[in-house]
Amino acid sequence: MDPFSVIVGVITLIDATKKAKDYLHAVKNGPKEKIRLIEELESIEVLIKGFEELSRKSKTDTLGTATSSMRRLTDLERNSSPLARSLEEVEKLTCKFEQVGCSKGSKWRAATQALDWPFSQKEVLSSLERLERMRTMLTAGLGIDHL
């Protein structure tokens, strides 16, 4: 995969993560899992910013380092990659909120009203498991051993 596609994927995931966090913060009286989802998204966001840093670094380092850094990035940006799967999971979360918002009428009205909690306990736990798995895979892929 070319460096441009990797960078676009990173930026897309950063935007999607921010959007999901915004929706979660807008929910009033959400269950305790709401906090866990926000924390997991923030952890992924830190890792994705590590991706962004790595992509910038790969442009400025010596040729050997850039090749190594970009290889790590492109390995993580394949279709079945942690980056792609993280984006898919985050988009599922935002999609669920958008369905609730759209069912209330106009998007503007939905954005100004408090959102209802659209997830079942099982959906939240399943999503948390997948996000935790993606975070672990991203951490390993980036070679980051601490958060």
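Predicted model: local features only at pLDDT ≥ 70, side-chain atom pairs only at ≥ 80, totals over all residues.
1. Overall make-up. The secondary structure of the protein chain comes to six helices and zero strands, so that, read from the N terminus, the order of elements is α-α-α-α-α-α. Of the 147 residues in the protein chain, 39% are buried, and the accessible surface comes to about 8400 Å², with 54% of that surface belonging to carbon and sulfur atoms. Where contacts join residues at least 6 apart in sequence, 73% of them link residues at least 24 apart.

2. The nonpolar core. The largest nonpolar core has 26 residues, and those with the most contacts inside it are Leu-37, Leu-41, Ile-48, Phe-51, Val-90 and Leu-131. At least two residues of this core are supplied by each of helix 1 (3-26), helix 2 (33-60), helix 4 (82-103) and helix 6, and helix 2 gives the most, with eight residues.

3. Helix 6 and its buried side. Helix 6 (residues 121-142) has 22 residues, and the distance from its first C-alpha to its last is 31 Å, close to the 32 Å expected at 1.5 Å a residue. Its buried residues are Val-124, Ser-127, Leu-128, Leu-131, Met-134, Leu-138, Thr-139 and Leu-142. These residues lie on the same side of helix 6 because they cover an arc of only 135° around the axis. The face turned away from that buried side carries the exposed residues Lys-122 and Ala-140. Just after helix 6, Gly-143 takes a positive phi of about 75°.

4. Leu-131 as a point of contact. Leu-131 is among the buried residues of helix 6 and is also one of the residues with the most contacts inside the largest nonpolar core. When its neighbours within four places in sequence are left aside, Leu-131 is in contact with Leu-37, Glu-40, Leu-41, Ile-44, Glu-89, Val-90 and Leu-93. Among these partners, Leu-37, Leu-41 and Val-90 are themselves listed with the most contacts inside that core, whereas the contacts of Leu-131 also include Glu-40 and Glu-89.

5. The aromatic pair. A search of the whole structure finds one aromatic pair. This pair is formed by Trp-117 and Phe-119, with 5.2 Å centre to centre and 65° between the planes, and it is edge-to-face. Phe-119 has a relative accessible area of 12% and is buried.

6. Is Lys-21 buried or exposed? Lys-21, whose place is in helix 1, counts as buried because its relative accessibility is 13% and the cut-off for buried is under 20%. Not counting residues up to four places away in sequence, Lys-21 touches Leu-41, Glu-42 and Glu-45; of these, Glu-42 is 21 residues from Lys-21 in sequence and 8.1 Å from it in space, C-alpha to C-alpha. Lys-18 is also found in helix 1, but Lys-18 is partly exposed, with a relative accessible area of 45%. Between Lys-18 and Leu-41 there are 8.3 Å in space, C-alpha to C-alpha, for residues 23 apart in sequence.

Methods:
Residues numbered from 1 in each chain as written. Heavy atoms only, no water. Helix = DSSP H or I, 4+ residues; strand = E, 2+ residues; numbered from the N terminus. Expected span 1.5 Å × (residues − 1). Buried < 20%, exposed > 50% of the residue type's maximum accessible area, 1.4 Å probe, protein only. Arc of directions from axis to C-beta. Core = buried A, V, L, I, M, F, W, Y, C linked by side-chain atoms within 4.5 Å. Contact = heavy atoms within 4.5 Å. Areas by Shrake-Rupley, 256 points an atom, 1.4 Å probe, with all protein chains shown as cover. Phe/Tyr/Trp six-rings, centres within 6.5 Å; stacked < 30°, edge-to-face > 60°.
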